[in-house]
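Keep the confidence values at hand while reading.

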Amino acid sequence: MLHFAASSPANPTAVFGIGKAALIRSPFSFCHKLVPPTIGPSVFYSHHLASTFQLKYSSCASKAMSSLTTSSLDSLPSSSGKKQALISLSDKKDLALLGNGLQSLGYTIVSTGGTASALESIGLNVTKVEQLTSFPEMLDGRVKTLHPNVHAGILARRDQQHHMEALDKHGIGTFDVVVVNLYPFYAKVTSDGEIKFDDGIENIDIGGPTMIRAAAKNHKDVLVVVDPQDYPALLDYLKGENNDKLFREKLAWKAFQHCSSYDSAVSEWLWKEINGEDKFPPDMTVPLSLKSSLRYGENPHQKAAFYVDKSLREVKAGGIATAIQHHGKEMSYNNYLDADAAWNCVSEFTNPTCVIVKHTNPCGVASRSDVLEAYRLAVKADPVSAFGGIVAFNTEVDEVLAKEIREYRSPTDGETRMFYEIVVAPKYTKKGLEVLRGKSKTLRILEASKNEKGKLSLRQIGGGWLAQDSDDVSPESIQFNLKSGRVPQESELRDAEFAWLCVKHVKSNAIVIAKNECMLGMGSGQPNRLESMRIAMKKAGEEVKGAALASDAFFPFAWNDAVEEACQSGVSVIAEPGGSIRDDDAVACCDKYGVSLLFTNVRHFRH
């Protein structure tokens, strides 16, 4: 089975007004569950709630609770007319706000361990869970709240007489507000340094999720809060006298989602601990956190949003999703796709490099010791396509480079100032950012970190998902095997490697022509390889003579086809995977025209 879930955002936005209160919105979560041969999506929604409640306490003591004195039991508050809240927190952010707010509204607070101590330290009266259950915390804290006096009080339906009679029979009171968050498992297992397996296990919360799920299930009667950002909305709601059903339902969604995301982290961590490098478990959950709602999708009639992958494997793994935007308009759906393509391509190169992308295809690529020259050459490769494109660098953008980006004129007429949607780089100097901001109010300036190798690549199809390793193969990790008689010069071999690295990022069928570590032309996305080659040749023009040609896949035909046309045009070296039943024809053709033919044995399809 393949599940896809979503987690709450780090900075949710308030969207639901409750009187003066605002309900904080958590992202939609997607949990696509794949059960071959059919797949059906189920969608959860969440938010924050709170409400008043009446709590009855058990007056009976357990022999196991020998540490409780008679006087402490006698001090338990009466169940009659009492408003009480159950609080158990790992993240104690804004606890004073919550505790003081609840107490000022007349609530008696029931709490556990460290949370109870923290509440008492700020001068609040607290009833400890041990007093309620008549049983001590045990097993190094593994058992605190797993008791009928807690869970019956949460789960009892107030509209069911037999439920209330059962509570009365056993002396159990009801809870109407439950505020709980969980052990910081995610932070623990993603912190610097290795975590021991036993330490990871001990950071898996049991009692917390049980209380959260119980309260969320009974949300008609119990308000459940899992996020400190919801405390103001909760308190404002409790001050009113309405009973907003939607408010309760959204808080319940958020509670279930909180547990779902938590469980996905535990599952992912445990699978990796058990199975090492196996990236394809029989069941998988991908937690997604809503980063922003987008104006629209690929087209204006399509609604869209952007989510960040919160999987453990993506922590500190780089990529456009975690890029910092320093300036410009909000990112669009297509902006994200193009920026991702540009950043993935430029990050492949070790020398200072500029890549310009249009519609996810690199239309200009150049590497030079002087990144200014690389930028100019990348634009020159196809200035028409570069206009309105995305510019990416693998080096710092300083003031000098920023001025060149801002002022550079199109090579087509020498007058039109080049316009770009996005500039993306690993870092900027303070002055470089200042200069770039002056180019346009709308220019999006992104600072990104390089993608780590070995990522899992996911892609959606109708009713399912495809998963594969990322294509991390580089020229350094393969052999360029000479198949023809002519031995390429060192500069020609470098150009073949450069072209081969570029073609990896061009949509199939893909051809790239390059010389002096500069893309001269590329052909992309054509149904047949010959047409892609002709497009690349046309863009390269007369500069094709002595250039290197790279193909993302083998040539099915040589004579009177792509290989012969390439040789006749004057290319000096061809790099391709090989593997065709007519490879011998390609070798013979290159030998006839005195062209070096290199087989890489690595295909780079990109669909």
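**A salt-bridge network and its surroundings**

A network of salt bridges links Arg406, Glu407, Arg409 and Arg417, a salt bridge being a side-chain nitrogen of Lys or Arg within 4 Å of a carboxyl oxygen of Asp or Glu. The model is a predicted one, in which local features need pLDDT of at least 70 and side-chain atom pairs count only at pLDDT 80 or more, while totals for chains, interfaces and linings use all residues. Residues are numbered from 1 along each chain as its sequence is written, and side-chain values use heavy atoms, with hydrogens and water left out.

The structure holds 27 salt bridges. One of them joins the side chains of Arg158 and Asp176 at 2.7 Å, N to O. This pair links distant parts of the chain, 18 residues apart: Arg158 is in the loop between helix H5 (148-155) and helix H6 (161-170), and Asp176 is in the loop between H6 and strand E9 (177-180). Helices (H or I, at least four residues) and strands (E, at least two) are DSSP runs, numbered from the N terminus. Asp176 is buried, with a relative accessible area of 7%, whereas Arg158 counts as partly exposed at 23% relative accessibility.

Another salt bridge is between the side chains of Glu531 and Arg534, at 3.1 Å, N to O. Glu531 and Arg534 are three residues apart in helix H18 (residues 529-540), so about one helical turn separates them. Glu531 is partly exposed, with a relative accessible area of 32%, and Arg534 is partly exposed at 36% relative accessibility.

Helix H16 (residues 430-437) shows how a helix can be covered. Which of its residues are buried? They are Gly432, Leu433, Val435 and Leu436. These residues are on the same side of H16 because they cover an arc of only 165 degrees around the axis, the arc being that of the directions from the helix axis to the C-beta atoms. Among the elements that cover the buried residues of H16 are strand E13 (324-327), helix H15 (399-407), strand E17 (420-425) and strand E18 (444-447).

Phe197 lies in helix H8 (residues 197-202) and counts as partly exposed because its relative accessibility is 37%.

Most residues other than glycine have a negative phi, and most peptide bonds are trans. His359, not a glycine, has a positive phi of about 55 degrees, and Thr360, also not a glycine, has a positive phi of about 70 degrees. His359 lies in the loop between strand E14 (353-358) and strand E15 (361-367), and Thr360 is placed in the loop between E14 and E15. His359 is exposed at 63% relative accessibility, but Thr360 counts as buried at 14%. The peptide bond from Ser508 to Asn509 is cis, with omega near -10 degrees. Asn509 sits in the loop between helix H17 (490-503) and strand E22 (511-514).

For the protein as a whole, there are 20 helices and 26 strands. Of the 607 residues, 50% are buried. The protein exposes about 28,000 Å², of which carbon and sulfur atoms supply 51%; accessible areas come from the Shrake-Rupley method with a 1.4 Å probe, and for residues only the protein chains shown count as cover. Of the contacts with a separation of 6 or more, 66% are between residues 24 or more positions apart, where contact means heavy atoms within 4.5 Å.

The last topic is confidence. The mean pLDDT of the protein is 83, and 86% of its residues reach 70 or more; pLDDT is the predictor's confidence in each residue, from 0 to 100. Confidence is lowest in strand E5 (residues 38-44), at a mean of 31, and highest in strand E16 (residues 389-393), at 97. Over residues 4-80 pLDDT stays under 50, and for these residues the model has 250 contacts beyond four places in sequence. Where pLDDT is low, the predicted coordinates should not be read in detail.

How values were computed:
Buried < 20%, exposed > 50% of the residue type's maximum accessible area, 1.4 Å probe, protein only.
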